[in-house]
Amino acid sequence: MRTSTNILDYSRNIGIPFYAYTPDQAATIARTWVEHTWPITIDEALKLCNQLEWSNAPDDPRFFSTPVSTGERSGTISLDIDNRNVVTGIRLGLTTRCHIALISKSSTVTHRIYECYRNTLSQIYGTTDNIEGMSGIYSDWTLPSYASLRLYSLGTFVSIRIHSPSETKSVALDASYEKIYGPDAPQ
C-alpha cells in the first residue's frame, strides 16, 4: 500500500507507522545532492530541501524532517567549519526510524529496502560491495567529481550520507594518515 506515489507503507510488516521512499525517489534524492554543482551554499541547500518537500526546523534550518520521518528531525546539513555558508554534506533517513526494541521486526524489512536502494544506485553509479560496519551494513560510491555517497542499513532504518568533493578528499586523507600513523595520526 502506498501513502503517495513516492512513499511505500511498511506499517503492517513492522506494527507501527513505517514508511520508505520508493527506490526511484531515493535515487532522485541522492542524485539531487551528489550531482549538484559543489560547493553548495546553505541557501542553495535550503532550496533543495524545499524542492524535495522537506521541512526545515524553524530554530535551526540545518535540521529537517522528511515525509517518511513522521515528523522526527531525521536529516542534517553539515557546514564547513571555516565558512559556515558552505555545505560539506548531508545525512538523512530514507525510511522511518523505529525504536531499537522493534529491531527483530524491522531488520528484515530495512535490509530488503536497503538492497533495493543499493541495486538502484548501482545501476546509476556502478556496482559496489556491502561493507560490514559496527552498526550494520553500508555501500559507498565516489563520483568523478569526488562527491561521495554512503547508503546505510542500520536495522531500524535506512539512511544516506552525502559528502561534498572537498569533504570526501578530507576524509580520504584522514584515513590514509591513520593507516600510516595509527589512530594518533597528526592533524
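Biologist: Which residues does Ser-139 touch, leaving out those up to four places away in sequence?

Modeller: This is a predicted model. In it, Ser-139 touches Tyr-114, Arg-118, Thr-128, Asp-129, Asn-130, Leu-149, Arg-150 and Leu-151. Ser-139 itself sits in strand β10, residues 137-142.

Biologist: Is Ser-139 buried or exposed?

Modeller: Buried means under 20% relative accessible area. Ser-139 has 0% relative accessibility, so it counts as buried.

Biologist: What does the side chain of Ser-139 reach?

Modeller: The backbone oxygen of Asp-129, at 3.4 Å. Asp-129 is also among the residues that Ser-139 touches.

Biologist: Now helix α3. Which of its residues are buried?

Modeller: In α3, residues 42-51, they are Ile-42, Ala-45, Leu-48 and Cys-49. Seen down the helix axis, these buried residues fall within an arc of 115 degrees, so they line one face of α3. On the other side, Asp-43, Lys-47, Asn-50 and Gln-51 are exposed.

Biologist: What follows α3?

Modeller: Glu-53, with a positive phi near 65 degrees.

Biologist: Next, the largest pocket. How many residues line it?

Modeller: The lining has 19 residues. Nearest the centre lie Ser-74, Leu-92, Gly-93, Arg-97 and Phe-157. The space in this pocket is about 260 Å³. By class, six lining residues are nonpolar, eight polar and five charged.

Biologist: Which strands each supply at least two residues of that lining?

Modeller: β7, β8 and β12 (158-163).

How values were computed. Residues are numbered from 1 along each chain as its sequence is written. This is a predicted model: local features need pLDDT of at least 70, side-chain atom pairs count only at pLDDT 80 or more; totals for chains, interfaces and linings use all residues. Side-chain values use heavy atoms; hydrogens and water are left out. Helices (H or I, at least four residues) and strands (E, at least two) are DSSP runs, numbered from the N terminus. Buried means under 20% relative accessible area, exposed over 50%, partly exposed in between (1.4 Å probe, protein chains only). A polar contact is a pair of N or O atoms within 3.5 Å; within protein, one must be able to donate a hydrogen and the other to accept it, and residues adjacent in sequence count only if both atoms are side-chain atoms. Contact means heavy atoms within 4.5 Å. The arc is that of the directions from the helix axis to the C-beta atoms. On a 1 Å grid over the protein atoms alone, a cavity is a set of points where a 1.4 Å probe fits but cannot get out, and a pocket is an open set with protein on both sides within 12 Å along at least five of seven lines; lining residues have an atom within 4 Å of a point. Grid points are joined across faces, edges and corners, and a volume is the space filled by probe spheres set on the points. Ala, Val, Leu, Ile, Met, Phe, Trp, Tyr, Cys and Pro count as nonpolar, Asp, Glu, Lys and Arg as charged, and the others, Gly among them, as polar.
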